[in-house]
Amino acid sequence: MTLERARGALLGTFVGDALGMPYEGCRAGTAPRPLEMVEARLGRGTYTDDSQMMIALAESLLACGRVEPEHLASAFLDAYDPQRGYGSGTVEVLSRWRAGEPVDAAAERLFGASGGSFGNGAAMRIAPVAVMFASDTERLLHEARASARLTHTHPVGIEAAVAQAAAVGAALTGGDPLAAPTEALRGGEVEERLAEAAKHVEDRISPIETAKLLGNSSAGHESVPAAIYSAAAHSGFEEPVTFAIACGGDTDTIGAMAGAIAGARHGLGAIPTRWLEALEEGDRGRSYVDDLAQRLWECGS
């Protein structure tokens, strides 16, 4: 893993998130191509909860050297900004933590008999885990599960995070971002859709077909496979991220996850300068995220 790939993974998440946010909820095939940064909820080049939670996860990993649930929960609470567009389930988990409910129980209790959230919230933020533990696949998968369980206790939500972490980890180390998550999962709904995705890497189906076959919702098994397919079937950075957002639906998150993989695979230099320069700055903006990537890389090297 090179430093440029580590920087690409985190800033790729940020770029894909910011590019996709304005098109959230659109039908597949309707996002403009070519794609540019446009005005969004908090302005042009701003991020959503996807990148905000990624930043908090990176900070906690650097402080603890691993996923430490109490510390990570505190980091998520400190970072929380409702203007960033958090999902209702995450907001409720945060509220329960703030009220004193045990960190390791709130997510499971919230969803009761359903077994927890099967959304993509744990997958969207996972790039820092991949950067820190890319050299140790077993540890990477362990820490990905630990990070996911804090907010997503349903097997699908955990599988989605593991798949995304494995894809980013493989991309960072020169591996196959589609084969690695399949090997890591060995069954389950996410793996089934990844197997379907693998059938179409060579023929490159359209965004509309991708949304029909693999999904484009906020569910883990209906977004992570589309993001991984986007990155695996297309070259460079711009092509896979534009394709991912063209799949419609949960565009900011699918774009963020595809951006993490493509950035990890091709490095920071593959991300168009015009997109990087459009990203928000400030206390936890572009330069701060870049610094986090470098520090995570140093820990993982």
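Q: What share of the contacts in the protein chain with a separation of 6 or more comes from residues 24 or more positions apart?
A: This is a predicted model, where local features need pLDDT of at least 70 and side-chain atom pairs count only at pLDDT 80 or more, while totals for chains, interfaces and linings use all residues. Residues are numbered from 1 along each chain as its sequence is written, and side-chain values use heavy atoms, with hydrogens and water left out. A contact means heavy atoms within 4.5 Å. Among contacts with a separation of 6 or more, the share from residues 24 or more positions apart is 73%.

Q: How many helices and how many strands are in the protein chain?
A: Helices (H or I, at least four residues) and strands (E, at least two) are DSSP runs, numbered from the N terminus. In this protein chain the count is 17 helices and zero strands.

Q: What percentage of the residues in the protein chain is buried?
A: Buried means under 20% relative accessible area, exposed means over 50%, and partly exposed lies in between (1.4 Å probe, protein chains only). The protein chain has 301 residues, and the buried part of them is 59%.

Q: Which residues have the most contacts inside the largest nonpolar core?
A: A nonpolar core is a set of buried Ala, Val, Leu, Ile, Met, Phe, Trp, Tyr and Cys residues joined through side-chain atoms within 4.5 Å. In soluble globular proteins, nonpolar side chains tend to be buried together. The largest core here has 103 residues, and those with the most contacts inside it are Leu-10, Val-15 and Trp-97.

Q: Which helix gives the largest share of this core?
A: The core in question is the largest nonpolar one, with 103 residues. Its largest share is twelve residues, and they come from residues 155–172, helix α9.

Q: What is the angle at which helix α2 and helix α17 pack?
A: Axes are lines fitted to C-alpha atoms, for helices over the stretch in contact, and angles run from 0 to 180 degrees between N-to-C directions. The axes of α2 (residues 49–64) and α17 (residues 286–300) are 10 Å apart, and the angle is about 40 degrees.

Q: How many nonpolar, polar and charged residues are in the contact of α2 with α17?
A: From α2 come Met-54, Ile-55, Ala-58, Glu-59, Leu-61 and Leu-62, which meet Tyr-288, Val-289, Leu-292, Arg-295, Leu-296 and Cys-299 of α17. Ala, Val, Leu, Ile, Met, Phe, Trp, Tyr, Cys and Pro count as nonpolar, Asp, Glu, Lys and Arg as charged, and the others, Gly among them, as polar. By class, the tally is ten nonpolar, no polar and two charged.

Q: Which residues does Ala-58 touch, not counting residues up to four places away in sequence?
A: Ala-58 is found in helix α2. Ala-58 is buried because its relative accessible area is 0%. With residues up to four places away set aside, the residues touched by Ala-58 are Pro-128, Leu-292 and Leu-296.

Q: Which residue forms a salt bridge with Arg-41?
A: A salt bridge is a side-chain nitrogen of Lys or Arg within 4 Å of a carboxyl oxygen of Asp or Glu. Arg-41 sits in the loop between α1 (3–20) and α2, and its partner is 17 residues apart from it. With the closest N and O atoms 4.0 Å apart, that partner is Glu-24.

Q: Which residues does Thr-253 contact, leaving aside its neighbours within four places in sequence?
A: Thr-253 lies in helix α15 (residues 251–266). At a relative accessible area of 3%, Thr-253 is buried. Beyond the neighbours within four places, its contacts are Asp-50, Asn-120 and Met-124.

Q: Is the peptide bond from Arg-33 to Pro-34 cis or trans?
A: Most residues other than glycine have a negative phi, and most peptide bonds are trans. Pro-34 is found in the loop between α1 and α2. The bond from Arg-33 to Pro-34 has omega near 5 degrees and is cis.

Q: What is the phi of Arg-186?
A: Arg-186 lies in the loop between α10 (179–185) and α11 (189–198). Arg-186 is exposed, with a relative accessible area of 63%. Although Arg-186 is not a glycine, its phi is positive, at about 55 degrees.
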